[in-house]
Amino acid sequence: MNQILLFVCALMSCLSLCHGYAAGAPAQVCGDMFPHHGHDSQPTPAPYTISVDTMNYRRGQDVRVTLTANSPTQFFFEGFFLQARRADCQMFGQAVGTFKLTNSTDSEVALKTCQAPNDAVSHTTSAHKTSKTFIWNNSEGQDVFFQATFVNHKHTFWSNVQSVVVHDLSLGDRITHARCEGRTKLNMMSTHVTASGASVSCSVLLVSGLALFAKI
């Protein structure tokens with residue numbers, strides 16, 4: 001009986017990877033910003049834009065960051081996940097700086113904590129969104145860009161959407177940075193769920209479960 005319960009719990013965890021996260025991005029997206037819906041990112045250019053109100057900033061200066069659907073009636077976004085990353089691609093899996101909401105009563109978005117409090121922003125509902133603006137601040141400096149994943153609907157999403165580089169004026173002259181390439185494809189072999197301390201691959205879970213029930 002314990003084996004059956006373990007299988008059912010693990011299977012439900014795997015099935016959750018195949019659907020959008022209506023209440024916001026889960027913790028595992030913090031590093032690769034990949035939604036783990038069970039599908040690859042769309043291969044076409046993203047119908048979304050990340051814009052900033054300045055190309056240069058000084059440490060401690062607020063920067064306004066806006067997420068926009070280029071074709072709002074067709075490509076609204078139900079979900080999103082936004083962070084700032086270092087433009088030199090160092091420590092690429094870590095966010096830089098912190099965000100603030102421009103509208104504290106906006107129930108469709110929320111600040112998230114990955115490596116530090118408020119270093120990311122995500123959706124809280126699957127309501128259709130066409131534009132969202134946030135305030136970003138970084139007291140430690142660094143040339144940065146903003147990166148987001150946009151979910152149009154369930155399995156249809158675009159990852160690795162990036163803004164222009166915002167230059168830290170304390171570093172002197174602006175330099176040209178190579179684009180930091182993020183994750184766009186799902187690696188099924190690395191998708192795992194954990195049950196009672198055991199790591200179980202979703203790709204073999206169903207087969208294992210069928211074999212278990214065949215023995216009963």
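R86 counts as buried, with a relative accessibility of 18% (buried means under 20% relative accessible area, exposed over 50%, partly exposed in between, with a 1.4 Å probe and protein chains only). This is a predicted model, so local features need pLDDT of at least 70 and side-chain atom pairs count only at pLDDT 80 or more, while totals for chains, interfaces and linings use all residues. Residues are numbered from 1 along each chain as its sequence is written, and side-chain values use heavy atoms, with hydrogens and water left out.

**Around R86**
- R86 sits in strand β4, which covers residues 79–86; helices (H or I, at least four residues) and strands (E, at least two) are DSSP runs, numbered from the N terminus.
- Its side chain makes a polar contact of 2.6 Å with the side chain of D88 (a pair of N or O atoms within 3.5 Å; within protein, one must be able to donate a hydrogen and the other to accept it, and residues adjacent in sequence count only if both atoms are side-chain atoms).
- Beyond its neighbours within four places in sequence, R86 is in contact (heavy atoms within 4.5 Å) with M91, V96, Q142, D143, F145 and C180.

**Disulfides**
- There are 2 disulfides in the structure, a disulfide being a pair of cysteine sulfur atoms within 2.5 Å.
- One of them is formed by C89 and C180, with sulfur atoms 1.9 Å apart; the link is left-handed, at -100° about the S-S bond.
- C89 lies in the loop between β4 and β5 and C180 in the loop between β11 (167–168) and β12 (192–195), so this pair ties together parts 91 residues apart in sequence.
- C180 is buried at 3% relative accessible area, whereas C89 is partly exposed at 29%.
- C30 and C114 are also joined, S to S 2.0 Å, and a torsion of about -75° makes this disulfide left-handed.
- C30 belongs to helix α2 (residues 29–32) and C114 to the loop between β6 (109–112) and β7 (120–123), 84 residues apart.

**An open sheet**
- Four strands form an open antiparallel sheet in the order β1-β3-β8-β5; two strands pair if DSSP finds at least two bridges between them.
- β1 (48–52) and β5 (98–101) are at the edges with a single partner strand each, so one side of each has no neighbour in the sheet.
- β5 is joined to β8 (residues 131–137) by 4 bridges, and L101 has F134 as its bridge partner in β8.

**Whole chain**
- The protein chain has 3 helices and 13 strands.
- Of its 216 residues, 43% are buried.
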